[in-house]
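This briefing is meant to be read with the sequence and the coordinates at hand. Its points are grouped by topic.

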Amino acid sequence: MAFITRRSIIKSAAAAATLPLVGTGAWAAGPLKIAFVYLGPIGDHGWTYAHEQGRQDLIKHFGNKIETTIVENVAEGPDAERVIRNLAKQGNELIFTTSFGYMNPTLKVAKRFKKVKFEHATGYQRAKNMASYNARFYEGRAVCGTIAGHMSKSGVAGYIASFPIPEVVQGINAFTLAAQKVNPDFKTNVLWVSSWYDPAKEADSAKALIDQGADIIAQHTDSPAALQACEQRGLMAFGQGWDMSSFAPKAHLTAIQNKWGVYYIKRVQAVLDGSWSSGDSWWGMKDGILEMSAFNDRIPADVQAAARATQAAIIDGSGHAFDGPIIDNEGKERLAAGSHLSDKDLHAMDWYVKGVQS
Amino acid sequence: MNETIFISILMTVVGASTPILLAALGELVVEKSGVLNLGVEGMMLIGAVTGFAVTSVSGSPLLGVLAAMIAGTLAAMIFGYLTLSLTANQVATGLALTIFGIGLSSLVGEGYVGKTVDIFDSIFPAALAEHSFLRVLFGYSPVVYFSIFMTVAVAWFLKSTRPGLILRAVGESDSSAHSIGYSVIGVRYAAVAFGGAMAGIAGCYYSLVLTPMWAEQLTAGRGWIALALVVFAAWRPGRLLLGAYLFGAVMTFELHAKAAGFSLVAPEFLAAMPYLATILVLALISLRKSSGSQAPASLAKPFKPST
């Protein structure tokens with residue numbers, strides 16, 4: 001994590017010049033320098049933690065062929081641009097910026113540093129030297145939905161949601177559709193908290209949803225507060241981002257875990273091979289980028305089997321989280337039977353399926 | 001709406017209101033002495049992490065609360081030394097204290113992320129605390145009863161005791177108080193310390209009662225609501241209690257209304273309500289300046305004894 005001064009760059013260039021046979025360029029001689037920009041602390045047990053696990057996978061896989069740098073707690077916005085620019089200046093050749101709000105700052109820096117390769121998570125803007133990547137979180141939501149359909153006695157789930165962006169909307173719909181395959185009358189009550197992270201509000205939201213009849217809580221916010229509220233009330237919930245069972249050993253049914261490592265290893269290999277090119281990757285469970293954490297023992301064996309079946313169908317392609325027919329919550333048919341929604345439709349999703357109250 | 005829902009909504013309101021009330025009570029006393037400490041959020045976070053860490057190590061939530069109060073006081077003393085002894089700008093120092101608190105608490109809390117402690121729950125027997133109706137009176141953490149007690153105590157202290165009058169005198173006219181022999185700096189130190197202790201306990205209410213865990217910026221800006229509340233209440237403890245429960249109710253009803261499917265107004269509007277209400281009250285106060293219920297006259301003015 002050294003800060004590279006101009007003098008040390010000159011020095012390493014000189015070193016490379018004296019050893020012209022070692023590599024094709026000054027940088028190829030040393031380990032590949034990779035940087036990660038994180039939104040939260042590594043210890044958030046959610047989003048950033050998962051990215052950090054991905055970086056650990058990289059280190060395990062490539063050993064001393066790479067050298068990684070991280071910057072934690074980088075606020076989205078102008079501060080991010082400064083951090084990313086510094087990382088580029090310090091000679092990092094591949095920079096992963098791991099939050100949606102880093103998109104524009106990354107793009108700006110990418111335009112200035114044409115030789116540096118950038119990888120931005122969950123965004124939609126790209127450049128010649130800036131790729132974007134995301135995971136099909138909704139596939140995991142479908143597995144949660146199958147479990148919820150079986151486990152919920154009231155047939156009502158509460159869903160704590162952050163912001164109505166397509167990624168969140170996909171999750172709500174996939175969850176509800178899967179639950180309705182088990183219980184056709186299943187309803188999802190969505191509560192928007194307008195924040196990714198506000199533990200007190202998330203806990204109070206969980207309580208409000210429970211008071212309104214939900215007996216199982218799903219969330220698209222980052223803290224384990226809602227799980228704790230369910231634990232206290234003796235109900236059930238799903239973790240977010242990573243296994244959160246330590247906060248709620250009884251309530252925590254399972255969680256979607258983001259295994260970014262598989263993507264990171266592939267992309268770093270591409271840089272090492274010289275085959276890296278920009279583009280958009282939207283990987284799913286079949287690529288191993290998403291996993292379900294260990295199922296709670298309170299889930300009966302047949303329900304676990306049903307959940308595994310949903311997962312297996314998504315992985316082998318025989319089932320899709322958005323198989324038709326799909327009717328929206330205004331009664332309009334969005335998709336006829338016999339097909340599934342295209343990625344283009346998913347990226348623009350701004351409507352809710354039947355049974356979602358938002 | 002049946003009565004079970006009503007009771008649980010009521011209990012959620014109490015839960016949301018208590019920490020704001022505690023922090024605002026402390027800040028009210030601080031401001032009554034003529035000092036503006038904008039570091040409430042920072043002191044709350046320091047209290048939250050200390051309370052959690054001590055409880056998690058010792059297993060005693062009471063010890064945790066005590067430690068949170070001490071930690072809050074220590075943080076406030078830094079502010080006190082800079083603004084009272086060195087007469088630094090109070091606004092800038094207070095903001096710095098918040099930033100410091102955010103950083104320090106995440107540093108200290110690093111090893112505690114992902115852990116949990118037993119909730120600091122009602123000390124009443126389960127027959128009362130979990131009774132379907134009586135829990136509305138007995139189902140709270142001791143901190144909740146403490147907050148009500150402190151409201152009464154602060155009101156009484158400011159209105160009817162000699163030290164309370166001295167404190168107000170210092171806040172209204174520091175030079176007069178000084179000229180008749182009161183230690184302006186001493187009184188303000190005591191007030192700032194009290195404010196720190198209250199912010200500390202308010203912070204640990206989050207990490208021990210509401211969401212028994214530690215995570216960075218756990219209080220998520222509630223310290224600013226507490227600051228707004230002091231102004232909203234026009235520096236009166238009675239109104240502060242009402243205001244805290246009103247703010248708590250707005251925050252809770254927002255969620256319940258949405259969960260029940262009403263959407264009369266945009267959720268963003270409801271979330272902004274406490275601040276809008278405060279601006280409104282500020283405007284009203286300044287319109288009727290003569291009534292004498294406005295800010296302490298020496299608020300945020302540094303005092304240098306002319307000896």
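How many salt bridges does a search of the whole structure find over all chains? The search returns 16 salt bridges when all chains are taken together, and the model in which they are found is a predicted one.

**The six-stranded sheet of chain A**

- Six strands of chain A form an open sheet in the order 2-1-3-4-5-11, and their pairing is parallel.
- The edges of this sheet are strand 2 (66-71) and strand 11 (280-283) of chain A, and because each has a single partner strand, one side of each is left without a neighbour in the sheet.
- From one strand to the next, the twist averages 20°.
- Within the sheet, strand 3 (residues 94-97) and strand 4 (residues 117-121) of chain A run parallel and are joined by four bridges; Thr97(A) has His120(A), in strand 4 of chain A, as its bridge partner.

- Strand 15 of chain A runs parallel to strand 7 of chain A, to which it is joined by two bridges, and Gln357(A) in strand 15 is the bridge partner of Asn189(A).

**The contact between chain A and chain B**

- Chain A contributes 32 residues to the contact and chain B contributes 30 residues, and the two chains bury about 2,500 Å² between them, with 56% of it on carbon and sulfur atoms.
- One salt bridge is counted between chain A and chain B: Asp198(A) pairs with Arg222(B), with the closest N and O atoms 3.2 Å apart.
- Four residue pairs, with both residues at pLDDT 80 or more, are in polar contact across the interface of chain A and chain B.
- On the side of chain A that touches chain B, at least two residues come from each of strand 7 (187-192), helix 7 (199-211) and helix 8 (225-233) of chain A, and helix 7 of chain A gives the most, with 10 residues.
- Sorted by class, that side of chain A has 13 nonpolar, 12 polar and seven charged residues.

**A salt bridge within chain A**

- Asp79(A) and Arg82(A) form a salt bridge in which the closest N and O atoms are 2.7 Å apart.
- These two residues, Asp79(A) and Arg82(A), are separated by about one helical turn, because they lie three residues apart in helix 3 (residues 78-89) of chain A.

**Backbone details**

- Most residues other than glycine have a negative phi, and most peptide bonds are trans.
- The peptide bond from Gly324(A) to Pro325(A) is cis, with omega near 0°, and Pro325(A) lies in the loop between helix 10 (301-316) and strand 13 (326-327) of chain A.
- Ala220(B), a residue other than glycine, has a positive phi near 45°, and its place is in the loop between helix 10 (184-210) and helix 11 (222-232) of chain B.

Note on methods. Residues numbered from 1 in each chain as written. Chains lettered and ligands numbered in written order. Predicted model: local features only at pLDDT ≥ 70, side-chain atom pairs only at ≥ 80, totals over all residues. Heavy atoms only, no water. Pairing = 2+ DSSP bridges. Axes fitted to C-alpha atoms, helices over the stretch in contact; angles between N-to-C directions. Contact = heavy atoms within 4.5 Å. Buried area = accessible area lost by both parts, 1.4 Å probe. Salt bridge = Lys/Arg side-chain N within 4 Å of Asp/Glu carboxyl O. Polar contact = N/O pair within 3.5 Å; in protein donor to acceptor, adjacent residues only side chain to side chain. Nonpolar A, V, L, I, M, F, W, Y, C, P; charged D, E, K, R; others polar.
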